[in-house]
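Please look over the structure shown here before reading the notes. They are meant for a reader who has not seen it before.

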Amino acid sequence: MYGKKVKLRFLFLSLILIVLILTTYLVLKSLEDNVVYFISPSDIKELGEINYNKKYRVGGMVKKNSVSMSTDQVNFVITDFKNEIKVKFSGVIPNLFAEDKGVVAEGFLQDRNFLNALKILAKHDENYIPPEVKEALEEK
Amino acid sequence: MLNLIGNYSLILALITSFIILILTFKNFKSKSILNLSIFATISVQFFLICVSFITLLLAFINSDFSNLAVYNNSHTAKPLFYKISGTWGNHEGSLLLWLFVLSLFIVIFFFKSKKLLDSFRILTIFFQQLIILGFLLFIIFTSNPFQLIIPTPIEGLGLNPILQDPALAIHPPILYLGYVGSSIIFSSSLAALVCNYTNKDWANDLKKWTLISWIFLTIGILLGSIWAYYELGWGGFWFWDPVENVSLMPWFCLSALLHCTSVLEKRSNLQSWTVILALSTFILSMSGTFLVRSGILNSVHTFANDPERGIFVLIFLTVLIFIALIIYFKFNNIEKFSKSYLLSKETAIVINNWFMMYFLAVVLIGTVYPIFLEAITTEKISVGPPYFNQLIIPFLIPFLLIMSIGPKLDWIKNKKLEIKIIKIVLFFISILISYLIAKNFNTQVLYSTLLISSAIYLFFISIIDLKNKSLKISQKISHLSFSILIISIILNSLFSEEVSVNLKKGEEKKLSNYLLKFENISRSQIDNFTSLKAEIHVIQSDQKLKFFPELRLYKVPETITSEADIKTNLFSDNLVVVNYLKNTDYLNIRYQKKPFMLFIWLSAFMLAVGGFLGLRKNFK
């Protein structure tokens with residue numbers, strides 16, 4: 001027979017293992033559900049399949065003269081200078097949102113040309129362009 | 001002139017750093033006596049670093065634009081207060097502040113550790129000095145705050161207006177005190193390992209430093225949160241943003257360490273675990289700085305920055321981790337296991353630690369996963385708040401329940417499990433109250449009920465425990481505050497309301513129960529910005545509230561910031577934030593009702609006060 005100490009060790013180790021497996025499972029499961037993909041207007045055109053029940057973040061520049069406002073919503077166009085997408089948004093506009101500036105909008109795609117944005121992300125620095133947008137801009 | 005003084009004292013500090021390393025190493029090898037020459041060099045180094053910090057401060061106050069850091073981050077039209085806070089509001093200055101605090105702590109350590117083993121003290125100073133050396137090299141070679149520009153510009157570029165805020169002015173120094181405090185924890189653990197000194201005396205000393213870092217980190221996080229709440233106008237106080245997470249991770253680690261040191265102090269148990277926690281705390285703090293500074297994190301808080309600096313921090317970090325690992329595996333021969341039973345305070349604390357580690361793991365993975373995924377597949381993702389909420393909130397239920405039982409268990413073995421009628425009654429009362437609160441919501445009634453009742457139960461028990469003389473006052477206050485914090489956060493998230501609308505001047509619009517009216521707007525010139533003050537009326541049935549939210553238009557750099565108008569009551573905050581869009585007549589208006597905000601701030605503050613009380617007791 002094993003001693004009491006060995007048994008205790010074994011119990012302890014298996015407990016750790018179980019907790020680790022459980023944690024990994026929970027984390028992976030939750031990640032799968034809650035990850036938001038970042039895409040550019042061009043990506044949307046090229047995307048094989050679009051999940052219309054999943055949130056996306058679309059980044060690019062706010063097209064010049066595309067912003068129009070009404071009481072309950074703002075409409076504008078995000079462009080990466082190759083492709084563009086129309087965005088509808090109702091809610092709070094961040095301070096640095098302006099035409100011809102970088103923007104990231106998060107929401108559900110209605111079709112390949114239309115995003116129902118739930119959130120427009122704020123930035124702190126007037127010179128700051130999200131790295132994704134920068135890359136998209138450099139690519140063109 | 002001043003620039004030169006600052007620069008040279010940094011270089012001299014670098015030389016003293018080498019001297020201290022040699023002195024301490026020699027002394028440790030030969031006689032293990034902490035002699036006066038070590039203290040003298042430490043003092044000289046501290047003096048030199050003070051001088052260079054003060055020079056930078058003066059450069060900012062005098063708007064000396066021949067200094068590159070001042071030119072980039074200051075402006076003559078800025079109020080004095082923000083000129084001063086501008087010193088650490090930028091990369092170079094904030095590193096100098098790190099360095100200043102590092103060397104300040106080494107001096108404090110010297111004075112406060114006189115009762116401890118000399119060889120341990122020498123080694124702690126040695127390891128701490130290694131960290132200082134790393135920072136000195138980093139500052140001098142990659143981010144020197146005393147770089148000159150020739151010719152001297154007449155005007156600076158200005159400080160990002162969003163940072164011109166009292167809470168954010170003191171947020172970095174306080175947070176850094178927390179981060180840097182963990183550096184002493186790190187070096188002292190390494191020293192204790194080498195000297196085989198992981199005993200009660202060491203635990204007692206470690207606890208003080210843990211408390212100091214924990215208090216500052218708590219207050220630092222609180223200040224950042226308050227700033228985000230009213231300056232960003234998002235109407236929330238925590239967004240699970242990577243930059244926020246990075247400050248939360250060492251906090252989990254410190255909280256675990258805080259509980260774990262008392263086991264070591266009272267029962268000489270869990271030595272290895274304490275050391276692991278102590279080492280990880282500092283490594284997490286450092287990685288946090290690395291991630292924030294390198295620009296790797298895709299955060300909304302990220303400011304424009306320089307990736308090359310990140311590489312240096314990464315190398316430095318790797319060296320530290322490497323040293324820590326070598327020492328840990330070479331000298332870790334402790335593991336005398338004193339016996340304890342399943343039902344004991346030790347077990348409760350171990351469970352607390354497991355939960356803390358779980359929370360830490362969740363936050364760590366959620367923060368780092370996007371970076372790895374991008375490196376491997378070039379796919380860009382972000383992990384949203386639902387991930388954190390899903391994985392953390394359900395586990396709060398057992399965590400809170402154990403928190404309400406744990407503190408009253410005895411060490412080694414609990415004699416008998418007392419079950420008092422009153423506690424059972426309270427338990428059912430908590431469930432009843434929670435059900436009454438939760439049933440207003442159609443979804444997840446059971447879940448909300450369980451969550452709220454566990455928090456309310458902890459609250460009741462903590463109230464009863466206030467009279468319990470056998471518990472420490474610091475623990476009573478902190479646990480009570482924690483329960484209030486959790487209750488307030490839950491109620492806040494359940495009962496928050498918000499509406500937003502775009503209106504032209506004179507227009508009004510009814511949204512759900514609220515009638516929003518854009519009455520007026522006025523313009524005035526203040527200090528270094530133009531202020532646009534709007535008058536917004538919010539009418540709910542017979543109640544009418546007038547708000548005066550503000551937009552600030554800064555010239556240098558050209559930026560707009562929104563200042564929310566917040567009406568704070570004891571039980572709820574009402575706030576209106578506005579923003580405007582160029583070339584339109586519309587004002588983007590958001591009205592929010594946020595219950596229990598004041599309770600969240602106060603209870604988080606009381607949490608830190610609890611820590612402070614514990615610190616005072618430990619220093620007596």
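Chain A has a mean pLDDT of 81, and chain B is divided into four stretches listed below as domains 1 to 4.

**Confidence in chain A**
- In chain A, 83% of the residues reach a pLDDT of 70 or more.
- Among the elements of chain A, strand β5 (residues 84–89) has the highest mean pLDDT, 92, while helix α3 (residues 131–139) has the lowest, 60.
- Where pLDDT is low, predicted coordinates should not be read in detail.

**Domains of chain B**
- Domain 1 covers 1–164, and domain 2 covers 168–329 + 345–396.
- Domain 3 covers 397–495 + 600–619, and domain 4 covers 497–598.

**Contact between domains 2 and 3 of chain B**
- The C-alpha centres of domain 2 of chain B and domain 3 of chain B are 24 Å apart.
- Each of these two domains gives 23 residues to the contact.
- On the domain 2 side, α8 (200–231), α9 (242–267), α12 and α13 (385–405) of chain B each give two or more residues.
- The most come from α8(B), with 10 residues.
- By class, this side of domain 2 of chain B has 15 nonpolar, 6 charged and 2 polar residues.

**Helix α12 of chain B**
- Helix α12(B) spans residues 345–377, which is 33 residues.
- From first C-alpha to last, α12(B) reaches 47 Å, close to the expected 48 Å.
- At Val368(B), α12(B) bends by about 35 degrees, and Pro370(B) follows within four residues.
- After α12(B) comes Thr378(B), which has a positive phi, near 60 degrees.

Technical notes:
Residues are numbered from 1 along each chain as its sequence is written. Chains are lettered from A and ligands numbered from 1 in the order in which they are written. This is a predicted model: local features need pLDDT of at least 70, side-chain atom pairs count only at pLDDT 80 or more; totals for chains, interfaces and linings use all residues. The expected span of a helix is 1.5 Å times one less than its number of residues. The bend at a residue is the angle between axes fitted to the seven residues ending there and the seven starting there. Domain bounds come from an automatic or database domain assignment. Two residues are in contact if their C-beta atoms, placed from the backbone, lie within 7 Å. Ala, Val, Leu, Ile, Met, Phe, Trp, Tyr, Cys and Pro count as nonpolar, Asp, Glu, Lys and Arg as charged, and the others, Gly among them, as polar. pLDDT is the predictor's confidence in each residue, from 0 to 100.
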